[in-house]
Amino acid sequence: MDNTPLSDALALRATASAFDAQRGKLPVPGDPHRSPDVLAVARQISELGKLVTDGDEVLFRAADQDQAPHTARVITNFAAAVEPAGEAASALGAVAHQLAFLNQSESLRDQPDARDARKAAVRVMEEALATAGAALHDGANSLHAASATVSPPSARLQAARSRSATTAHSPGSPLPNVTTAVAAPSDRIARGR
């Protein structure tokens with residue numbers, strides 16, 4: 001097994017990207033293209049399970065007899081990613097449960113009690129989707145941060161980021177390392193030719 005800091009950082013980043021991709025696939029109530037349905041939610045629960053088990057990132061590293069000094073941190077971070085994946089899968093299980101209820105109670109939707117129960121099911125589903133999204137977001141952020149500690153970005157990349165115009169700054173604050181020129185009073189008027 002290749003257990004260099006770079007390869008481990010790339011594996012952490014790939015898993016973080018998989019978390020981001022799963023978050024991007026979450027159903028969105030009211031969106032005709034990403035509306036929740038039981039089959040799609042069940043597939044996503046299965047994909048989250050595969051995300052945890054197919055990679056075997058913890059097992060491969062823990063079983064390696066020749067561990068690099070950084071390997072313990074990598075194992076810890078991959079193991080910690082199981083929790084948000086499990087939380088997202090559990091929340092999606094609640095979504096599937098509510099969707100099944102909505103499908104079963106479709107014929108009763110005009111009855112007042114059923115209408116109230118269906119509204120409550122939609123609220124529970126929306127909260128569960130928010131929980132799944134937050135868990136996947138937190139998991140991805142944690143894995144991205146872990147990859148930077150295992151193999152920090154190169155000095156060249158860090159310099160490029162510091163020069164980037166896309167770096168977020170608070171409105172009204174000057175950019176770092178930027179001096180503002182103050183016009184000195186002049187006796188002469190400069191005219192263009």
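## Residue classes and the largest pocket

Ala, Val, Leu, Ile, Met, Phe, Trp, Tyr, Cys and Pro count here as nonpolar, Asp, Glu, Lys and Arg as charged, and the others, Gly among them, as polar. On that basis, the lining of the largest pocket comprises 10 nonpolar, 3 polar and 3 charged residues. The structure is a predicted model.

The volume of this largest pocket is about 220 Å³. Its lining consists of 16 residues, and those nearest the pocket centre are Leu51, Val52, Asp56, Glu57 and Phe78. At least two lining residues come from each of helix 1, helix 2 and helix 3 (57-63).

## Helix 1 and helix 2

Helix 1 spans residues 5-24 and helix 2 spans residues 38-53; they pack at an angle of about 175 degrees, and their axes are 11 Å apart. An angle over 145 degrees counts as roughly antiparallel, and helix 1 and helix 2 are therefore roughly antiparallel to each other.

On the helix 1 side, the contact is made by Ala18, Phe19 and Gln22, which meet Gln44, Glu47, Leu48 and Leu51 of helix 2. By class, the residues of this contact are 4 nonpolar, 2 polar and 1 charged.

## Helix 4 and helix 5

Helix 4 (residues 71-80) packs with helix 5 at an angle of about 10 degrees, with the axes 4 Å apart. This angle makes helix 4 roughly parallel to helix 5.

The residues that meet are Phe78, Ala79 and Ala80 from helix 4 and Val82, Glu83 and Pro84 from helix 5. This contact has 5 nonpolar residues, no polar ones and 1 charged.

## Helix 5 and helix 6

Helix 5 covers residues 82-104 and helix 6 covers residues 112-150; the packing angle is about 160 degrees and the axes lie 8 Å apart. Helix 5 is therefore roughly antiparallel to helix 6.

The crossing of helix 5 with helix 6 is left-handed. The residues of their contact divide into 19 nonpolar, 3 polar and 2 charged.

Note on methods
Residues numbered from 1 in each chain as written. Predicted model: local features only at pLDDT ≥ 70, side-chain atom pairs only at ≥ 80, totals over all residues. Heavy atoms only, no water. Axes fitted to C-alpha atoms, helices over the stretch in contact; angles between N-to-C directions. Parallel < 35°, antiparallel > 145°, perpendicular 65-115°, else oblique. Contact = heavy atoms within 4.5 Å. 1 Å grid on protein atoms, 1.4 Å probe; cavity = no way out; pocket = protein on both sides within 12 Å on 5 of 7 lines; lining within 4 Å. Points joined across faces, edges and corners; volume = space filled by probe spheres on them. Left-handed = near helix turned anticlockwise from the far one by under 90°.
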